[in-house]
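Colleague: I have a new model open and would like to learn to read it. Can we take it step by step?

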Amino acid sequence: MKHLWNCFCRELGLIKESPRYLILLTAGILFSYVFFLTFMHEGQPENLPIAVVDQDGSYLSRRLCHEIDATQGVDVVAVYNSHSEAREAMQRQEIFAFLDIPAGTYSEVLDFKTPHLALYSNNAYLLAGTLSYKTLSTIGKLTSAAVQREVMRKKGYSEDQIMGMIQPIEIDAHLISNPWGSYLPYVLTTMLPGIIGVMALLLTVYLVTNEYKLKTEKIWLSTAGDNMLNALIGKLLPYTCWFTLIGIIGNIVMFGFSHFVCLGSFFALSVALLLFVMAMQAMGVFLAGLIPDQHLAVSVAAIYGMLSFSMSGFSYPVVSMSPALQAFSYVFPLRHYYLTYADVAMFGATFTQYWSHLCLLLCFLMAGCIGGMLLNRWAKSNSNDAAIEC
Amino acid sequence: MKNFWHNITSGLKDIYDVFTLELYRIFTDGGVMLIFFVGSLLYPLIFGAIYKHECIRNLPVAVVDDSQSAPSQRFIHELDATPEVNVNYHCNTLSEAETLMRQRKVNGIVYFPNDYSDRLAKGETARLCLFCDMSSFLYYRSVFTGASSVMLDEMKHIELERYAMAGVTGQDAETAITPVPYEDVKLFSPAGGFTSFLVPALLALVIHQTMFLGIGILSGTAREEGQTVAIVPERLRNRSVYRVVIGRSLAYLMIYIPLVAIDLVLLPRVFGLPHIGRLDDLCLFFLPFLLATIAFSMTVGSFVRQRDTGIIVCIFFSVVLLFLSGVVWPRSNMPLFWKYFSYLFPSTHGIQGFIRINSMGAHLKQVQFEYQMLWVQSGLYFLITCLLYRVKFFKYEDRAVCI
């Protein structure tokens with residue numbers, strides 16, 4: 001215990017000596033929090049720019065333009081005369097969708113013929129394309145409904161009957177734990193802790209290999225009483241505390257000030273965060289033990305770290321990946337953190353439901369132990385080499 | 001005149017020397033080789049494997065049918081038949097379904113209240129409840145799309161029945177139900193899938209980031225080894241900095257031309273991603289994209305004092321740059337500050353331009369703004385790099401600068 005404490009104090013001394021790295025990383029993490037919270041502050045994009053191709057130029061088409069403009073989701077930024085003009089505007093990314101009203105629409109409606117509207121949306125930009133499509137298709141349905149209602153009123157039906165005719169079924173959608181359908185909680189709750197984790201991983205690889213690079217591993221080990229476990233815990237503990245603290249403060253900002261929904265216990269989420277940071281550090285130790293060359297180890301850690309975001313499955317579900325990749329996703333701690341978050345915050349799960357994710361996070365510490373053993377071997381072989389040279 | 005020719009030939013020779021030296025440094029550095037060649041080729045393959053399926057199919061849902069009637073059962077059967085969802089569980093109570101949802105065995109619940117069929121029989125509006133798992137937006141999208149498509153189908157069915165009761169049938173009824181039908185055309189990615197949307201952006205980002213990272217590492221290593229910003233031949237000390245900058249740029253350009261051809265031209269075809277852009281437009285666009293990225297990386301690289309700082313800065317910016325590019329979150333809805341901030345990075349314009357030419361079939365005319373911005377960036381960052389090198393060469397004049 002004394003050795004561990006000594007090692008801890010030595011690391012604090014090292015941080016005090018050159019705090020550059022820790023300051024850089026902390027600044028980076030703070031920047032990401034500020035960036036993401038301000039960048040998507042709308043939650044769901046509103047007033048997306050769209051256009052109307054009005055070849056009809058009638059009372060009905062003008063009225064449709066106004067109706068579309070009045071909806072919250074989209075904003076009519078231009079009215080074009082031809083389809084190709086609108087398509088080019090879409091390619092210039094001035095608009096995400098457009099409604100094509102062919103000539104003679106109004107007169108056909110009056111004649112009880114069926115004119116056809118066409119709705120074009122840009123799916124190369126998924127979010128904007130889907131949302132503007134959704135708004136425009138609602139308008140399309142409402143147009144039909146409005147005409148239908150007028151006809152039925154003239155035929156003498158009551159308002160209740162008309163509603164029953166126009167809309168026989170209604171879906172009452174409940175979006176669990178994200179009633180606004182906001183993009184923010186969906187992206188940030190996993191991505192921001194993920195960034196902290198990747199930083200912790202890179203820093204761990206860098207710090208551990210640095211001891212070997214600067215040939216200070218003997219001093220480091222002797223401070224820890226020649227026990228690699230003590231040495232690693234003592235060395236990494238300050239960073240574990242620091243990154244977990246930032247993560248918890250970040251969660252307080254997200255769930256407190258930004259009002260993201262957290263149905264379960266905040267404490268459980270904090271524990272998951274702590275275990276996540278530790279798991280990332282353990283993976284760092286493992287990689288450092290596996291690859292003794294600092295430059296290569298940091299590069300490999302960078303590649304592994306970047307994959308965490310894709311493999312965690314918060315944007316693209318892991319169940320849609322191939323079985324091999326589904327199995328591979330287990331070696332990314334962010335995956336387990338994301339699953340814990342979803343269980344705790346979105347479904348208000350109790351310990352009986354999410355304990356398995358926490359256990360899997362703990363398993364990563366085993367990788368850390370293997371890394372420690374490898375590091376121990378490097379240290380010994382280094383000192384043997386030194387002895388031979390003497 | 002003679003002097004002029006001498007300047008040109010010595011300039012070209014210096015550029016060539018720097019060029020070969022830089023190539024030597026790249027090919028002798030394992031970390032840089034890993035990033036340049038393995039990173040830029042492996043990442044696209046991994047992304048291609050991860051995002052292989054465009055859409056989520058057969059998402060498990062639970063249904064709770066309190067109405068126990070023919071219309072609700074028909075709805076359930078049709079729901080089960082949609083490609084988006086699979087009705088895996090039939091529950092008796094809502095709490096039973098809720099438990100399944102908590103255990104993550106289902107991603108959605110469809111609930112029919114006991115008055116569902118009564119209301120339909122009376123000709124009123126019947127309501128059904130949908131509970132969506134919001135832990136991923138794609139779950140929500142699938143469950144919602146599945147349920148609404150069945151709803152629209154059912155609605156038409158019921159409306160036809162009701163009109164028939166009122167004595168309107170056949171084509172008249174069809175016209176009465178949808179007096180103004182609309183057809184929807186989903187341009188540029190007919191499946192509306194996640195893959196066609198995200199992977200092209202990631203491919204362009206991989207080019208930008210591996211180059212940025214590689215150059216950052218090279219600059220950092222040079223600094224760690226006690227050099228100024230780059231290792232230059234002895235006789236070039238304090239002389240025409242632009243030769244150093246051009247020489248280095250050419251080395252990176254030469255390495256990246258085949259990589260871009262593989263990542264941005266070949267892979268979209270191999271992965272079956274949209275690729276309707278014209279090749280000449282693409283090639284013309286890649287040139288300023290590469291140049292701007294090289295110049296930008298060298299500018300940032302000259303601030304990198306240690307090798308691993310470069311890696312950390314790069315990793316950290318990868319996620320931020322993807323969002324700044326306006327692929328995920330629309331450009332029109334970015335706060336103004338971040339929009340102008342995004343103009344600093346070649347990736348913003350590079351990704352935008354690449355997607356529009358490659359996936360949307362735009363010509364250079366339609367990506368004019370991005371194209372011009374990339375040239376402006378190339379020039380600007382090139383000048384800044386020269387300036388920074390100049391200052392550093394003066395500042396560290398006494399340092400050993402050797403081959």
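Modeller: Begin with one pair of residues: Val64(B) stands opposite Cys91(B) in S2(B). This is a predicted model: local features need pLDDT of at least 70, side-chain atom pairs need pLDDT 80 or more, and totals for chains, interfaces and linings use all residues. Residues are numbered from 1 along each chain as its sequence is written, chains are lettered from A and ligands numbered from 1 in the order written, and side-chain values use heavy atoms, without hydrogens and water.

Colleague: In what sense do strand S1 of chain B and S2(B) pair?

Modeller: Strands (E, at least two residues) and helices (H or I, at least four) are DSSP runs, numbered from the N terminus. Two strands pair if DSSP finds at least two bridges between them. Strand S1 (residues 59-65) of chain B and S2(B) have six bridges, and their sense is parallel.

Colleague: Which strands are the edge strands of that sheet?

Modeller: The open sheet has five strands and mixed pairing, in the order S5(A)-S4(B)-S3(B)-S1(B)-S2(B). An edge strand here pairs on one side only; the two are strand S5 (169-175) of chain A and strand S2 (85-91) of chain B.

Colleague: What angle does helix H4 of chain B make with S3(B)?

Modeller: Helix H4 (residues 94-102) of chain B packs on the sheet and touches S1, S2, strand S3 (108-112) and strand S4 (126-132) of chain B. Contact means heavy atoms within 4.5 Å. Axes are lines fitted to C-alpha atoms, for helices over the stretch in contact, and angles run from 0 to 180 degrees between N-to-C directions. For H4(B) and S3(B), the angle is about 170°.

Colleague: Why is one side of S2 of chain A and of S5 of chain B left without a neighbour in the sheet?

Modeller: This open sheet of five strands runs S2(A)-S1(A)-S3(A)-S4(A)-S5(B). Strand S2 (74-80) of chain A and strand S5 (182-187) of chain B stand at the edges, so one side of each lacks a neighbour: each has a single partner strand.

Colleague: What is the bridge partner of Leu99(A) in S4(A)?

Modeller: Strand S3 (residues 97-101) of chain A and strand S4 (residues 117-122) of chain A pair in the antiparallel sense over four bridges. In S4(A), the partner of Leu99(A) is Leu119(A).

Colleague: What distance separates the centres of domain 1 and domain 2 of chain A?

Modeller: Domain bounds come from an automatic or database domain assignment. For chain A it gives domain 1 (2-40 + 180-389) and domain 2 (48-166). Taken over C-alpha atoms, their centres are separated by 51 Å.

Colleague: What volume does the largest cavity have?

Modeller: On a 1 Å grid over the protein atoms alone, a cavity is a set of points where a 1.4 Å probe fits but cannot get out; lining residues have an atom within 4 Å of a point. Grid points are joined across faces, edges and corners, and a volume is the space filled by probe spheres set on the points. The structure holds three cavities of 30 Å³ or more. The largest has a volume of about 60 Å³.

Colleague: Which element gives the largest share of its lining?

Modeller: The largest cavity is lined by 13 residues, with Pro185(A), Tyr186(A), Thr189(A), Tyr341(A) and Met346(A) nearest its centre. Helix H8 (183-213) and helix H14 (333-347) of chain A each give two or more residues. The largest share, four residues, comes from H8(A).

How values were computed: On a 1 Å grid over the protein atoms alone, a cavity is a set of points where a 1.4 Å probe fits but cannot get out, and a pocket is an open set with protein on both sides within 12 Å along at least five of seven lines; lining residues have an atom within 4 Å of a point.
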